[in-house]
Amino acid sequence: MDKVRKNKTALIIFLLPATILFVIIIIVPIFMSCYYSLLKWDGMTTGKFVGFDNYINLFKDTSIQFPKTLWHAVVIAIFSVFIQLPISLGLALILAKGIKGERFFLSVFFIPVLISSVVIGQLWLKIYNPNYGLLNTFLKTVGLSGWVHTWLGEEKTALAAVMVPILWQFIGYHMLLFYAGIKSVPRELIEAAQVDSATS
């Protein structure tokens, strides 16, 4: 194996297929997107070069509402960090203590990560459905009819309704990373900390 690592020709041969795929699938589309963004083009006829006009219009044209969209992306990112990660860490700490059914709970929390985003979207569309959705039905059942909303159709609830599936889907992923990190801490280190009266 050491001989292969020192052989630059062998390294290039092994890396070449992956590099070619990476360039074709990732790099080329990025540059093509950048080029197309400088054109006034309907996707069918010949494009007309307009420079940075499309980018300027994103901020100038009030009907596009790009700054608002950008702000929503920032809010989702902030909530992902400050809600998703603490919940993931809490779950990882609980599971790492060696509770009964530890492997079962690990699998259950990780299942949403494995499910396709399309399936997740369809699932939550059914939950949020204003007529027969699980959420509105539950609220009506427990006598909270005043809380019933068209969750994805109202401006005041749409962003929160979109954030919930995102947070729910990836909590298991971050939890597994934290869990693996906690489990990799040597037992002797934990015992030494306990001897020194360190708390959890």
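**Helix packing and its surroundings**

Tutor: Ser-197 is exposed, with a relative accessible area of 64%, so it falls above the 50% cut-off for that class. Ser-197 sits in the segment after α9 (187-195), and its phi is positive, near 65 degrees, although the residue is not glycine. Please keep in mind that this is a predicted model. Gln-65 is another non-glycine residue with a positive phi, about 55 degrees. Gln-65 belongs to the loop between α3 (53-60) and α4 (66-96), and its relative accessible area of 44% makes it partly exposed.

Now to the packing you asked about. Two packed helices are described by the angle between their axes and by the distance between those axes. Here the pair is helix α5 (residues 102-114) and helix α8 (residues 155-183), which meet at about 140 degrees with their axes 6 Å apart. That angle makes α5 oblique to α8, because roughly antiparallel would need an angle over 145 degrees. The crossing of α5 past α8 is left-handed.

Which residues make this contact? From α5 come Glu-102, Arg-103, Leu-106, Phe-109, Phe-110, Pro-112 and Val-113. From α8 come Trp-168, Gln-169, Gly-172, Tyr-173, Met-175, Leu-176, Tyr-179 and Lys-183. Sorted by class, the contact holds 10 nonpolar, 2 polar and 3 charged residues.

Tyr-173 is partly exposed, at 39% relative accessible area. Its C-alpha is 14 Å from that of Ile-83, a residue 90 places away in sequence.

Elsewhere in α8 you will find Thr-157. With 8% relative accessibility, Thr-157 counts as buried, since the cut-off is under 20%. Leaving out residues up to four places away in sequence, Thr-157 touches His-149, Thr-150 and Trp-151.

Confidence is highest in helix α2 (residues 8-36), at a mean of 92, and lowest in helix α1 (residues 2-6), at 65. Where pLDDT is low, the predicted coordinates should not be read in detail.

Methods. Residues are numbered from 1 along each chain as its sequence is written. This is a predicted model: local features need pLDDT of at least 70, side-chain atom pairs count only at pLDDT 80 or more; totals for chains, interfaces and linings use all residues. Side-chain values use heavy atoms; hydrogens and water are left out. Axes are lines fitted to C-alpha atoms, for helices over the stretch in contact, and angles run from 0 to 180 degrees between N-to-C directions. Helices (H or I, at least four residues) and strands (E, at least two) are DSSP runs, numbered from the N terminus. Angles under 35 degrees count as roughly parallel, over 145 as roughly antiparallel, 65 to 115 as roughly perpendicular and the rest as oblique. A crossing is left-handed if the near helix is turned anticlockwise from the far one by less than a right angle, and right-handed if clockwise. Contact means heavy atoms within 4.5 Å. Ala, Val, Leu, Ile, Met, Phe, Trp, Tyr, Cys and Pro count as nonpolar, Asp, Glu, Lys and Arg as charged, and the others, Gly among them, as polar. Buried means under 20% relative accessible area, exposed over 50%, partly exposed in between (1.4 Å probe, protein chains only). pLDDT is the predictor's confidence in each residue, from 0 to 100.
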